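Colleague: Before we look at anything in detail, I would like to learn how to read the features of a model such as this one. Could you take me through them, giving the general idea and then the case at hand?

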Amino acid sequence: MSTANPAHKSLRLPMLIGALGVVYGDIGTSPLYALQTCLGYFNAQSLARADIFGLLSLIFWALIITVTLKYVTFVMRADNNGEGGILALTALAQTAASGRARVALGLIGIIGAGLFFGDGMITPAISVLSAISGLQVVWPALSTHLVELASLVVVAGLFMAQRRGTGTIGSAFGPVMVLWFLTIGILGLTHIMADPGVLAGINPAYGVSFMVRHKYAGFVILGAVVLAVTGAEALYADMGHFGRAPIRLAWTWFVLPALTLNYFGQGAVVLANPAAAANPFFMSAPAALQIPLVVLSTLATIIASQSVISGAYSMGRQCIQLGLLPRMEVRHTSVTAEGQIYLPQINWLLALGVMALILTFQTSNNLAWAYGIAVTGTFVCTNILAMFVYRRLFAWPASLTALVFGGFLVVDLAFFGANALKFFEGGWVPLGMGLLVATLMTTWQRGRGLIYARWAQDAMSLSLFINRLPYSRVLRCAGTAVFMTGNLDYVPGALLHNLKHNKVLHERVLFVTVRTLEIPHAAPGRRHEVKEAAPGMYQVTLNFGFMESPNVPDTLEAIPELAFDPMSTSYFVGRESYVMTTVPKLRFIRRWLFLRMARNALSATEFFQIPSDRVVELGVRIAI
């Protein structure tokens with residue numbers, strides 16, 4: 001673990017603007033729907049001034065407690081070699097755990113990752129629907145179906161553009177979000193100046209009074225209040241791109257003030273005109289500015305969606321590297337930025353999911369509960385993992401850990417419980433997605449474990465093979481053979497098959513295994529390990545971080561002691577096919593899922609970026 005990297009990145013203006021564009025798109029567009037959803041529980045006649053103050057107080061203190069204190073102050077300190085995000089936090093927590101605790105922490109990380117993918121579908125749907133619905137303020141006769149159609153067009157264009165990469169349009173993200181936050185802050189300030197009394201809502205007593213007065217209904221409304229803090233996880237997840245200091249600075253001095261001004265400005269608008277509760281964000285703008293505001297809102301929601309989609313790609317690559325998902329195609333869309341990647345399979349699965357959500361729920365209000373469960377579920381998982389890291393790695397006293405993170409957990413569970421009450425009104429969506437993704441991950445992990453155990457049972461030890469080799473009649477030919485293997489202590493099946501059919505062995509043989517470390521990026525000094533097992537035979541371990549895409553040929557060529565010549569090298573890879581055992585170790589549904597994932601997995605040749613014209617694939621049958 002290293003805390004130096006994010007803390008000491010220079011605080012240059014371009015970095016701050018870039019952080020605004022990438023990190024704050026999601027939480028920055030929450031004013032489009034958060035207060036509107038809260039006010040949806042009241043009608044214009046029953047809406048009291050104290051209720052508006054109470055809602056504003058709850059939103060403001062949610063921003064302070066969940067974002068400022070929990071994420072910005074505490075969680076962001078728990079970086080994994082400068083990287084954040086729930087899988088990075090999981091890997092960090094597991095380094096201090098063993099046995100059942102390690103398994104439990106891994107399961108929490110998997111659940112959090114599953115909910116994150118659900119969030120990746122819901123964010124574009126709810127954000128774009130909220131922005132396009134602003135047209136109904138300008139043209140009240142505009143039907144919901146046209147808003148729905150326009151949202152589908154925007155979303156389709158967004159996902160179709162992903163294969164071109166975000167480098168070109170990404171440069172505009174920061175300036176657009178700067179304009180966005182300035183706009184919403186100024187809009188809010190103008191209405192606060194007309195009714196400064198609305199700032200009384202900062203007093204937490206109004207929030208407490210609201211909850212006491214409305215009892216069960218107040219608890220239910222907490223599920224809408226949490227919409228104001230959606231995107232808080234992005235502050236932590238994107239820490240590796242910008243560093244801790246720029247993200248904290250941008251939040252404290254620009255984003256939080258702009259959001260606070262806008263929410264309280266919306267409250268002032270509703271106090272002056274209770275009918276504005278139907279859409280307080282767009283009705284806070286003068287009529288002449290509503291169309292430009294819709295355009296700016298649409299751009300902001302596209303940016304928010306892009307941030308989540310890019311995050312899903314990064315999460316997908318991490319899951320692949322950590323052995324939680326089968327190998328998929330990873331395309332690099334930039335020659336300079338290693339983090340700009342595109343995963344076609346995840347892209348189109350997300351696209352189908354987003355469009356299905358738009359067609360099913362039709363409005364942002366209908367999606368609110370689905371969104372809330374995805375976000376609060378991730379909050380809870382992050383909190384538990386961070387609690388473990390602070391207790392074990394930071395050596396905090398148990399009492400202090402319980403006081404700080406126990407308090408955060410109470411807030412997280414209150415938000416989660418409020419959203420869970422609406423399970424049948426949309427809350428089932430992220431839970432279903434999270435359960436599906438978690439099932440796929442655990443099934444793949446379990447299936448690969450069974451295959452490895454079966455392979456190790458039948459494999460020949462490398463030491464025995466080397467001892468017998470001098471007494472065999474195997475012919476040696478010129479050149480280098482690279483055999484990819486999962487364990488250097490055993491002879492790769494591809495080598496045994498090659499000897500069986502071709503009865504020849506190269507002069508130089510490299511047994512190569514690729515290992516994923518529990519850190520984001522492998523340090524240059526830890527990139528490889530080489531051991532000479534016998535004259536002309538080498539055991540090579542290539543280490544990659546879970547945020548890296550392994551390139552085996554380039555890494556081998558960079559090892560000086562191998563004197564690697566790529567033009568005289570052939571790669572031997574086993575092509576696995578699976579057959580059923582008489583007593584299957586996986587139950588029917590999980591076995592079917594595993595086989596489907598295995599058939600659609602990217603080949604080792606493509607995943608490890610091995611030149612296809614230098615590969616020999618040999619079939620290997622494995623019973624499962």
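Colleague: Is R49 buried, partly exposed or exposed?

Modeller: First, this is a predicted model, in which local features need pLDDT of at least 70 and side-chain atom pairs count only at pLDDT 80 or more, whereas totals for chains, interfaces and linings use all residues. Residues are numbered from 1 along each chain as its sequence is written, and side-chain values use heavy atoms, with hydrogens and water left out. Buried means under 20% relative accessible area, exposed over 50%, and partly exposed in between, with a 1.4 Å probe and protein chains only. R49 has a relative accessible area of 41% and is therefore partly exposed.

Colleague: With which residue does R49 form a salt bridge, and how far apart are the closest N and O atoms?

Modeller: A salt bridge is a side-chain nitrogen of Lys or Arg within 4 Å of a carboxyl oxygen of Asp or Glu, and by this rule the count comes to six salt bridges. R49 pairs in this way with D195, the closest N and O atoms being 3.5 Å apart. Because R49 lies in helix α5 (residues 49-74) and D195 in the loop between α10 (167-194) and α11 (204-214), the pair ties together parts that are 146 residues apart in sequence. Helices here are DSSP runs of H or I with at least four residues, strands are runs of E with at least two, and both are numbered from the N terminus.

Colleague: Which side chain meets R213 in a salt bridge?

Modeller: That partner is D51, at 2.8 Å from N to O. The pair links distant parts of the chain, with R213 in helix α11 and D51 in helix α5, 162 residues apart. R213 is partly exposed, its relative accessible area being 38%, whereas D51, at 5% relative accessibility, counts as buried.

Colleague: Where in the chain do E548 and R527 lie?

Modeller: The side chains of E548 and R527 meet in a salt bridge of 2.8 Å, N to O. E548 is in the loop between β6 (537-544) and α24 (552-557), and R527 is in the loop between β4 (504-516) and β5 (528-534), so that the pair links distant parts of the chain, 21 residues apart. E548 and R527 are both buried.

Colleague: How far apart are the end C-alpha atoms of helix α7, and what span should its residues give?

Modeller: The expected span of a helix is 1.5 Å times one less than its number of residues. For the 34 residues of helix α7 (residues 99-132) this should give 50 Å, and the end C-alpha atoms are 50 Å apart, which agrees. The bend at a residue is the angle between axes fitted to the seven residues ending there and the seven starting there, and in α7 a kink of about 25° lies at I122, shortly before the proline P124. As 26 of the 34 residues of α7 are buried, the helix is largely enclosed by the rest of the structure.

Colleague: Which residues form a nonpolar patch on the surface?

Modeller: Patches are made of residues with over 30% relative accessible area and no salt bridge, like charges being joined within 9 Å and nonpolar side chains (Val, Leu, Ile, Met, Phe, Trp, Tyr) within 5 Å. Accessible areas come from the Shrake-Rupley method with a 1.4 Å probe, and for residues only the protein chains shown count as cover. Here W139, I291, V295 and L299 form such a patch, with about 370 Å² of accessible area together. L299 is found in helix α17 (residues 290-321) and, at 42% relative accessibility, counts as partly exposed.

Colleague: How many aromatic pairs does the structure hold?

Modeller: Rings of Phe, Tyr and Trp (its six-membered ring) pair if their centres lie within 6.5 Å; planes under 30 degrees apart count as stacked, over 60 as edge-to-face and the rest as tilted. The structure holds 24 aromatic pairs, and one aromatic cluster is formed by F74, Y390, F394, W396, F405 and F408.

Colleague: What is the phi of A395?

Modeller: A395 has a positive phi of about 55° although it is not a glycine. A395 lies in the loop between α19 (364-392) and α20 (398-420) and is exposed, with a relative accessible area of 57%. A563 has a phi near 45°, again a positive value in a residue other than glycine, and A563 lies in the loop between α24 and β7 (569-579).
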